[in-house]
Amino acid sequence: MQIDLTQLPEGSTRLEMDLEPGSIGITPEDAVVEGPLGLKLHLDRRGDEIWIRGKIHAVAREECSRCLVEYPETLDLEFDVFCAKVQNPNVVSPRAVDEEDGGVHFHDGRVLSIDEEIREAVILGLPMKPLCKESCAGLCPRCGEDRNEGPCRCARAAAG
């Protein structure tokens with residue numbers, strides 16, 4: 001996603017769009033996202049400095065860490081990006097212009113790309129230990145049956 005800075009006015013601007021995960025570099029190895037990412041941006045431009053506050057809505061396919069069932073995980077994420085113009089873009093390589101430095105994202109004064117920030121927000125927004133539900137009973141460590149579907153063979157044998 002590129003923002004044309006020559007068209008971005010001073011002050012506050014709001015943008016809403018849908019992005020395909022692949023268009024910002026999210027691969028299936030990063031996250032399996034169902035449908036497009038819903039993106040809402042609030043841009044505040046003051047000269048060459050731009051403060052971006054973004055919200056992302058997405059649905060990712062996750063595998064429950066207890067019962068191994070796939071389920072949809074709704075992600076409502078927020079991120080902030082502070083952008084400043086690199087002083088002399090002819091001295092710095094184009095790759096360095098797109099990279100962050102200490103929390104500041106640099107741009108060349110013409111185009112701003114925040115693909116990496118969006119990608120990073122989605123990846124960091126995924127749960128570290130995904131659960132299909134808080135009360136998931138998981139798999140029995142002895143027989144491997146899903147204890148969400150009722151007592152497993154071990155429990156039935158112990159009871160009977």
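Visitor: What makes the pairing of Glu145 with Arg153 a salt bridge?

Guide: In this predicted model, the closest N and O atoms of Glu145 and Arg153 are 2.5 Å apart. A salt bridge asks for a side-chain nitrogen of Lys or Arg within 4 Å of a carboxyl oxygen of Asp or Glu, and therefore the pair qualifies. As background, side chains of opposite charge can pair when their charged atoms come close.

Visitor: Why are Glu145 and Arg153 called partly exposed?

Guide: Glu145 has a relative accessibility of 23%, and Arg153 has one of 48%. Buried means under 20% and exposed means over 50%, so a value in between is called partly exposed.

Visitor: How many salt bridges are there by this rule, and which residues are linked in a network?

Guide: The count comes to 7 salt bridges, and a network of them links Asp30, Glu116 and Arg119. Asp44 also forms a salt bridge with Arg46, where the closest N and O atoms are 3.2 Å apart. Arg46 itself counts as exposed, because its relative accessibility is 53% and the cut-off for that word is over 50%.

Visitor: What makes Asp108 buried and Arg110 exposed, when their side chains meet in a salt bridge?

Guide: The two words describe each residue by its own accessible area, while the salt bridge rests on a distance of 3.1 Å, N to O. Asp108 stands at 18%, so it counts as buried, the limit being under 20%. Arg110 stands at 51%, so it counts as exposed, the limit there being over 50%.

Visitor: How do you know that His107 is buried, and what does its side chain reach?

Guide: His107 has 0% relative accessibility and therefore counts as buried. This residue is found in strand β7, which covers residues 104-107, and its side chain reaches the backbone oxygen of Asp48 at 2.9 Å. That separation falls within 3.5 Å, the cut-off for a polar contact.

Visitor: Where is Arg66, and what does its side chain reach?

Guide: Arg66 sits in the loop between β4 (49-63) and β5 (70-85), and it is partly exposed, with a relative accessible area of 32%. Its side chain reaches the backbone oxygen of Cys136 at 3.0 Å, and a polar atom of that side chain lies 3.3 Å from the backbone oxygen of Glu134. Leaving aside neighbours within four places in sequence, Arg66 is in contact with Leu131, Glu134, Cys136, Gly138 and Leu139.

Visitor: Which residues touch the most other members of the largest nonpolar core?

Guide: Of the 29 residues in that core, they are Leu37, Leu41, Ile52, Ile56, Phe79 and Ile118. The elements β3 (32-46), β4, β5 and α2 (115-125) each supply at least two residues of this core. Apart from it lies another core, of 5 residues, among them Cys67, Tyr71, Leu131 and Cys136.

Visitor: What is Phe79 in contact with, leaving aside its neighbours within four places in sequence?

Guide: The contacts of Phe79 include Leu39, Leu41, Ile52, Ile56, Ile114, Ile118 and Ala121.

Visitor: How many aromatic pairs does a search of the whole structure find, and why is the pair of Trp51 and Phe82 called tilted?

Guide: The search finds 1 aromatic pair. The ring centres of Trp51 and Phe82 are 5.6 Å apart and the planes stand at 45°, so the pair is tilted, since planes under 30 degrees apart would count as stacked and over 60 as edge-to-face. Trp51 lies in strand β4 and Phe82 in strand β5, so the pair ties together parts that are 31 residues apart in sequence. Trp51 is partly exposed at 30%, and Phe82 is partly exposed at 24%.

How values were computed. Residues are numbered from 1 along each chain as its sequence is written. This is a predicted model: local features need pLDDT of at least 70, side-chain atom pairs count only at pLDDT 80 or more; totals for chains, interfaces and linings use all residues. Side-chain values use heavy atoms; hydrogens and water are left out. Helices (H or I, at least four residues) and strands (E, at least two) are DSSP runs, numbered from the N terminus. Buried means under 20% relative accessible area, exposed over 50%, partly exposed in between (1.4 Å probe, protein chains only). Contact means heavy atoms within 4.5 Å. A polar contact is a pair of N or O atoms within 3.5 Å; within protein, one must be able to donate a hydrogen and the other to accept it, and residues adjacent in sequence count only if both atoms are side-chain atoms. A nonpolar core is a set of buried Ala, Val, Leu, Ile, Met, Phe, Trp, Tyr and Cys residues joined through side-chain atoms within 4.5 Å. Rings of Phe, Tyr and Trp (its six-membered ring) pair if their centres lie within 6.5 Å; planes under 30 degrees apart count as stacked, over 60 as edge-to-face and the rest as tilted.
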